[in-house]
Amino acid sequence: LGYRTTMDPGRRAGALATEEHARDARKIAEESIVLMKNEKNVLRIDKGGSSRIVVVGENAVKMVAIGGGSWSRKVAYEVSPLEGIRNRAGDTAEVVYVKGYESPAVREQDVKGAKAPEKKPIDAEGLRAEAVKAAGKADAVIFVGGLNKNPNQDCEGDDRLSYGLPYGQDELIAELIAANPNTVVLIVSGNAVEMPWAKAAPAIAQVWYGGSEAGNAIASVVFGDVDPSGKLPFTFPVRLGDNGAHALCDSPVNGGDVVYREEILVGYRWHDTKKIKPQFAFGHGLSYTSFGYGKVTADKKTMTGAEAIIVSVPVTNTGSRGGYEIVQCYVSDLKSSLPRPAKELKAFDKVWLEPGETKTVKFTLGRDALSFFDDTRNEWVAEPGKFEILVGASSADIKSKVSFELK
């Protein structure tokens with residue numbers, strides 16, 4: 001039948017892999033990085049004060065755009081975390097790379113400059129010992145690990161076999177922290193992982209799969225050129241059993257039906273309602289600056305279903321540098337005819353604030369923000385009664401709240 005295009009045949013051809021694309025890719029990657037923990041300001045590594053930086057982890061050199069099923073890409077280029085760190089450090093610091101661990105499935109294109117791997121046993125203990133020894137002699141250690149696109153990890157068509165990190169990474173991270181208190185843990189993954197070393201780690205960041213400019217974006221945040229502003233889009237549970245689906249044990253092992261007994265209590269709704277403390281909460285994300293929240297106010301104390309309520313909260317940058325804050329607005333239905341979550345995110349706003357600057361963030365909530373689906377009536381329902389609006393920096397960090405009544 002041939003091929004027929006619906007596009008204008010006179011349309012100008014688009015551009016590919018331009019400088020503008022690179023700038024956008026880097027900015028997106030930078031703003032997506034989530035700083036989860038930063039004790040004693042270990043992050044914002046001082047290049048002048050860190051003359052020897054040891055980078056550990058296979059994901060520091062692994063190409064992540066390739067593999068993973070239908071979303072794999074053969075990109076024009078990809079800056080690895082190690083390349084980005086070395087580029088940014090320049091001549092001010094010696095950057096040493098030590099693998100530390102190795103995955104058994106390494107394809108020719110997985111690691112930059114690597115040839116087809118020879119099949120040989122992996123000396124896990126030797127790799128770990130080498131990394132720990134190097135860490136003990138460093139001014140700063142940057143561990144870049146997590147998951148990859150191998151089967152049973154972040155790969156289409158396969159489920160993970162473990163909530164913990166593969167290839168002995170958890171043991172390696174613990175030993176690196178013990179060897180050097182200035183250890184930064186960067187996790188490359190598309191979902192949550194277990195962190196048995198979280199209390200001991202001084203600095204943790206979730207860097208995701210950052211695309212072509214991932215390495216440069218990571219270096220910008222690690223060295224403090226860019227203020228981290230990402231927030232977690234899901235909860236990091238402490239253990240797998242803290243998830244509703246696993247707590248209720250209703251997932252069949254060998255086929256069959258899956259019964260979602262947790263119903264609407266998915267993610268942070270499960271943790272908040274069941275009062276299970278997460279490792280890191282939904283919406284969590286730190287900054288190199290700090291923010292203060294004022295009291296949230298509402299423009300009315302009662303509303304009807306035909307009206308909307310406007311809530312306002314002043315937010316101030318109380319730190320010494322400019323940065324973004326993502327202000328989150330949750331709603332709690334205090335009395336309902338059907339089971340409801342403790343609270344639900346209904347709106348958020350990302351605001352840039354210079355040091356000392358205050359902006360008033362406003363949210364407009366209508367009937368849809370107060371409604372739930374009643375399966376007995378097969379319709380969305382907003383029941384009259386009392387509600388609370390809660391504003392904060394994460395689902396676990398509520399700064400202020402205000403009550404109102406729906407008539």
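Which residues in H3 meet which residues in H4? The views below come from a predicted model, and the legend to the first view gives the answer.

**View 1. Helices H3 and H4 cross side by side.**
In H3, Arg128, Ala131, Val132, Ala135 and Gly136 take part, and in H4 they meet Glu171, Leu172, Glu175, Leu176 and Ala179. Sorted by class, this contact has 6 nonpolar, 1 polar and 3 charged residues. The axis of H3 (residues 124-136) and that of H4 come within 8 Å and cross at roughly 25°. An angle under 35 degrees counts as roughly parallel, so H3 is roughly parallel to H4. The crossing of H3 past H4 is right-handed.

**View 2. Gln169 in helix H4.**
Helix H4 covers residues 169-179, and Gln169 belongs to this helix. Is Gln169 buried or exposed? Gln169 has 0% relative accessibility and therefore counts as buried. Leaving aside residues up to four places away in sequence, Gln169 touches Tyr101, Phe143, Gly145 and Gly146. With Gly146 there is also a polar pair: a polar atom of the Gln169 side chain lies 2.8 Å from the backbone nitrogen of Gly146.

**View 3. Helices H2 and H5 cross at an angle.**
H2 spans residues 81-89 and H5 spans residues 214-222; their axes come within 7 Å and cross at roughly 50°. H2 and H5 are therefore oblique to each other. H2 passes H5 in a right-handed crossing. On the H2 side the contact is made by Pro81, Gly84, Ile85, Asn87 and Arg88, and on the H5 side by Gly215, Asn216, Ile218 and Ala219. The classes in this contact of H2 with H5 are 4 nonpolar, 4 polar and 1 charged residues.

**View 4. Pro81 and its contacts.**
Pro81 is part of helix H2. Its relative accessible area is 6%, which is why Pro81 counts as buried. Which residues does Pro81 touch, not counting residues up to four places away in sequence? They are Asn59, Ala60, Val144, Gly215 and Ile218. Pro81 and Leu165 are 84 residues apart in sequence, and their C-alpha atoms are 19 Å apart in space.

Cys155 sits in the loop between strand E4 (140-146) and H4. Its relative accessible area is 17%, so Cys155 is buried. How far apart in space are Cys155 and Gly190, C-alpha to C-alpha? The distance is 9.8 Å, and the two residues are 35 residues apart in sequence.

**View 5. Two loop residues with positive phi.**
Most residues other than glycine have a negative phi. Lys40 is not a glycine, yet its phi is positive, at about 55°. Lys40 lies in the loop that runs between strand E1 (34-38) and strand E2 (52-56). With a relative accessibility of 82%, Lys40 counts as exposed. Glu263 is a residue other than glycine with a positive phi, near 50°. The loop that holds Glu263 is between helix H6 (244-248) and helix H7 (268-274). Glu263 has 62% relative accessibility and so counts as exposed.

Definitions and conventions. Residues are numbered from 1 along each chain as its sequence is written. This is a predicted model: local features need pLDDT of at least 70, side-chain atom pairs count only at pLDDT 80 or more; totals for chains, interfaces and linings use all residues. Side-chain values use heavy atoms; hydrogens and water are left out. Helices (H or I, at least four residues) and strands (E, at least two) are DSSP runs, numbered from the N terminus. Buried means under 20% relative accessible area, exposed over 50%, partly exposed in between (1.4 Å probe, protein chains only). A polar contact is a pair of N or O atoms within 3.5 Å; within protein, one must be able to donate a hydrogen and the other to accept it, and residues adjacent in sequence count only if both atoms are side-chain atoms. Contact means heavy atoms within 4.5 Å. Axes are lines fitted to C-alpha atoms, for helices over the stretch in contact, and angles run from 0 to 180 degrees between N-to-C directions. Angles under 35 degrees count as roughly parallel, over 145 as roughly antiparallel, 65 to 115 as roughly perpendicular and the rest as oblique. A crossing is left-handed if the near helix is turned anticlockwise from the far one by less than a right angle, and right-handed if clockwise. Ala, Val, Leu, Ile, Met, Phe, Trp, Tyr, Cys and Pro count as nonpolar, Asp, Glu, Lys and Arg as charged, and the others, Gly among them, as polar.
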